Amino acid sequence: MEIDQEIKTESPEETDLNTTNAAKACRDNEPKKTHRRKRLRRLADDTTPTTNKNVSKCKRILVFIGLFSFTIALLMGHYYTQNNSNTKQILKEFLKNYRNQYTQIIHGKQNYCDQKQALDTAALFERIKQYGILNQEKSLQQIDVALRNESDLNAIALVGPVGVGKSLFMRAMMENFPWQENVHSYAWNAYVEDKTEKIRRLSLLIDNLSDCGQNLLVIENLWPGDYEAVSIINQLVREAIEKQQKRIVIFYLFSLNTMLTPEKYTEQNKLLDTVTETHVIKFNAFGENELKDCISREAEMSGLKLGPQHFDEIVATIDPKKSGCKNVYAKVLMYGTAKSKDHL
């Protein structure tokens with residue numbers, strides 16, 4: 001009990017002592033803090049006039065620059081208005097010369113954008129031959145002649161059954177065309193059913209073709225019933241050329257329906273002969289001999305070996321008149337085996 005009483009009586013004294021010391025410390029520190037605040041105010045008051053002067057000076061400079069630029073713009077606008085036709089021509093020539101210099105550096109070839117330079121068909125077809133297009137020597141010769149046409153619009157239609165080399169030739173042509181950035185393709189019957197929408201999309205594509213060098217436009221996946229689209233597309237190309245000078249080589253790829261009767265097949269073939277202002281080139285249909293050549297080619301290019309039994313089995317399971325070489329590659333991969341080192 002005595003201990004508790006001592007604790008109770010001593011606690012208030014200690015509390016009063018601590019409170020007194022804290023108050024004294026606050027009074028001692030108060031003049032120092034007040035003194036610091038006064039110094040900061042004086043510093044702020046001293047720097048404010050200088051800052052305001054600098055801001056005012058910058059504003060005057062910016063206003064002067066803005067007025068000067070506006071005056072120059074007005075004078076240039078007046079000059080361009082008075083000499084509008086000459087200015088457009090000068091600007092056009094400047095941009096054309098700039099692009100020519102740029103493309104020469106990028107492609108390492110002088111006159112890269114010259115539209116008058118002809119296709120080097122000899123070098124082009126030398127590379128195309130490496131793709132192994134079979135039994136179409138006459139067709140390739142006709143394409144070579146057609147590509148020498150130097151008109152701004154050069155339209156060529158390739159016609160033939162499925163799997164006879166039209167798409168293979170077109171792939172080789174697109175991969176070796178001298179102006180690679182100017183190569184475009186459009187699948188006619190792939191995604192859009194509405195004919196008006198197809199024409200609209202093609203029109204946008206044609207309008208954006210380049211005036212640097214020549215353009216290659218491929219319209220694939222066409223059926224004989226689409227023959228009327230050729231004249232419409234050719235007209236779109238001519239209109240685009242009238243707006244801006246361009247050179248366009250356009251290929252139409254038509255696949256004949258081999259499931260029809262011989263009479264209907266001949267009829268659709270003749271229908272495509274009515275296409276105007278276009279070189280119509282027929283690809284030969286394939287028989288058993290061409291099929292065997294196709295099997296050997298695919299095996300060689302795939303680095304595979306086929307035994308006589310598998311070779312004959314592939315021949316027996318493919319009708320070349322209906323599908324040509326289209327299904328050969330898959331069959332070769334199915335039956336072929338890797339060549340040994342002795343065969344490499």
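Mentor: Start with helix 9 and helix 10, which are oblique to each other. The reason is the angle: they pack at about 130°, and an angle counts as roughly antiparallel only over 145 degrees. Their axes lie 10 Å apart. The crossing of this pair is right-handed. Keep in mind that this is a predicted model.

Now the side chains. Helix 9 brings Glu288, Leu291, Lys292, Ile295 and Ser296 to the contact. Helix 10 answers with Phe311, Ile314 and Val315. By class, the contact of helix 9 with helix 10 has 5 nonpolar, 1 polar and 2 charged residues.

Follow helix 10 to its next partner. Helix 10 covers residues 308-317, and helix 12 covers residues 328-335. Their axes come within 10 Å and cross at roughly 150°. That angle makes helix 10 roughly antiparallel to helix 12. Here, too, the crossing is right-handed. From helix 10, the residues in contact are His310, Glu313, Ile314 and Thr317. Lys331, Val332 and Tyr335 meet them from helix 12. This contact of helix 10 with helix 12 divides into 3 nonpolar, 2 polar and 2 charged residues. Look at Ile314 in particular. Ile314 meets helix 12, and Ile314 also takes part in the contact with helix 9.

The largest pocket holds about 630 Å³ of space. It is lined by 25 residues. Among these, Gly163, Gly165, Ser167, Leu168 and Lys326 are the closest to the pocket's centre. Helix 9 gives the most, with 5 residues. By class, the lining has 14 nonpolar, 6 polar and 5 charged residues.

For comparison, turn to helix 3 and helix 4. Helix 3 spans residues 121-128, and helix 4 spans residues 137-147. They pack at about 150°, with their axes 10 Å apart. Helix 3 and helix 4 are therefore roughly antiparallel to each other. Helix 3 passes helix 4 in a right-handed crossing. Thr121, Leu124 and Phe125 make the contact from helix 3. Leu140, Ile143, Asp144 and Leu147 make it from helix 4. The residues of this contact are 5 nonpolar, 1 polar and 1 charged.

How values were computed: Residues numbered from 1 in each chain as written. Predicted model: local features only at pLDDT ≥ 70, side-chain atom pairs only at ≥ 80, totals over all residues. Heavy atoms only, no water. Axes fitted to C-alpha atoms, helices over the stretch in contact; angles between N-to-C directions. Helix = DSSP H or I, 4+ residues; strand = E, 2+ residues; numbered from the N terminus. Parallel < 35°, antiparallel > 145°, perpendicular 65-115°, else oblique. Left-handed = near helix turned anticlockwise from the far one by under 90°. Contact = heavy atoms within 4.5 Å. Nonpolar A, V, L, I, M, F, W, Y, C, P; charged D, E, K, R; others polar. 1 Å grid on protein atoms, 1.4 Å probe; cavity = no way out; pocket = protein on both sides within 12 Å on 5 of 7 lines; lining within 4 Å. Points joined across faces, edges and corners; volume = space filled by probe spheres on them.
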